[in-house]
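This report describes a protein model for a reader who has not seen it before. The sequence and structure come first, and the notes follow.

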Amino acid sequence: MTEAAGRDAEHDLESRFEATISRDQRIEPRDWMPEGYRRTLIRQIAQHAHSEIIGMQPEGEWITRAPSLRRKAILFAKVQDEAGHGLYLYSAAETLGIDRAELTERLLEGRQKYSSIFNYPTLSYADVGVIGWFVDGAAICNQVPLCRSSYGPYARAMVRICKEESFHQRQGYELLMTMMRGTDAQREMVQDAVDRWWWPSLMMFGPPDDDSPNSAQSMAWKIKRHSNDELRRRFVDMTVPQAAKLGVTLPDPELRWNEERGHHDFGTPDFSELKEVISGNGPCNTERIERRRAAHEEGAWVRAAASAHAAKQAARAREEAVA
Amino acid sequence: MSDSENWPLYEIFIRGKRGLNHVHVGSLHAADDQMALTHARDLYTRRNEGVSIWAVRSEYIAASTRDEKDPFFAPSADKVYRHPTFYDIPDDVPHI
Ligand SMILES: [Fe+2]
Ligand SMILES: [Fe+2]
């Protein structure tokens, strides 16, 4: 093929890809796609998967200290779901031609990131409730539109995940309602957790739109359907009435309903803090990655044993077939 | 990193309930078939999503080419007479 013919063929594939996207149809794993699209997806899906896996840690710390068997069973199920979410997403990433072991390696080497929110500590049991309410609530805002993401396997993983997130958010809110009906000390714990998690939760939506260099391309490719600021605003509008019902105060003096815009006005999160946490300097970054590394290394013998068992069974089956 | 990377990839298919086909839900890695089924149960049926699971090694799946305009499917495109609407039947003929 001549160079010119090669370029034509490439152009042909590219326009077919663009046409599929503009018709709002899904791109599937074996379709031709631009390298940038593939790279962006791998980065985003992997980062999302890592967030689910690392996200097990802050809440997981409370499983053994849950105040009742009921709460323990719920928290266990929730954390197990997050492991599942991570695996659905690694499975989606693998359809793009990358191995999930490679992704784990990139996470442990700090070459891929996970959500900033999981680098904050969980100081009391009220944090478990607030994480369900805020963090899973923010995740729902982020994830519902991703169910229509242009990449088929990613969109389908999101559909599964979204079905499960609603339980996460509700169990958190219910936990907080229970505490708010309790003693003054319990109500103070809830308010304290709200104060600590509110701003980091708003940061989950990422930097402001004018400082989010990859957003425009992701939206053109319909990998992302809404901008960071738009999703952040939705989250605030959704959460304010829930806070009122619960009887807690959101720690933002600028927060008020704007009749004209039909949305809440609210303060600007400290995005320099977000930058710090993302670049590895949050309160728990080192601890989270170390924990993940330890789990991986301590599990190595289990994986090796399973492989050895499988090999032995396979050999035995072959022998029996010959005999 | 070593060992687990050699675990083969399996595609997982779930029958949601009796009377339905198995439907592809995703993939996972497992050391052997038995482990693939156990993992698939834990991963894809935590809320009664299935009554039956198939786990198939991904490498054993034969697939048509990836081209959307694949001539492979051409035989089905030009045979309009395979569809009931191709045939003109007067309105007053009952039950057809
Ligand atoms: Fe999740
Ligand atoms: Fe969740």
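## Basis

This is a predicted model, in which local features need pLDDT of at least 70 and side-chain atom pairs count only at pLDDT 80 or more, while totals for chains, interfaces and linings use all residues. Residues are numbered from 1 along each chain as its sequence is written, chains are lettered from A and ligands numbered from 1 in the order written, and side-chain values use heavy atoms, with hydrogens and water left out.

## Chain A as a whole

Chain A has 13 helices and two strands (DSSP runs, H or I of at least four residues for helices and E of at least two for strands, numbered from the N terminus). Its C-alpha atoms fill a box of roughly 70 × 60 × 35 Å along the principal axes.

Of the 323 residues in chain A, 51% are buried (under 20% relative accessible area, with exposed over 50% and partly exposed in between, using a 1.4 Å probe and protein chains only). Among contacts in chain A (heavy atoms within 4.5 Å) with a separation of 6 or more, 78% join residues 24 or more positions apart.

In helix H2 (residues 35–54) of chain A, 16 of the 20 residues are buried.

Gln143(A) lies in helix H6 (residues 125–146) of chain A. Gln143(A) counts as buried because its relative accessibility is 4%. Beyond neighbours within four places in sequence, the residues in contact with Gln143(A) include His48(A), Glu52(A) and Met158(A).

## Contact between the chains

Chain A gives 29 residues to the contact and chain B gives 26 residues. Together the two chains bury about 2300 Å², 48% of it on carbon and sulfur atoms (accessible area, 1.4 Å probe, that two parts lose on being put together, summed over both). Arg16(A), Arg30(A) and Arg160(A) supply 26% of the area that chain A buries against chain B, more than any other three residues.

There are four salt bridges between chain A and chain B (a side-chain nitrogen of Lys or Arg within 4 Å of a carboxyl oxygen of Asp or Glu). Asp81(A) forms a salt bridge with Arg47(B), with the closest N and O atoms 2.4 Å apart. Elements that give two or more residues to the side of chain A touching chain B include helix H1 (3–22) and helix H7 (152–180) of chain A.
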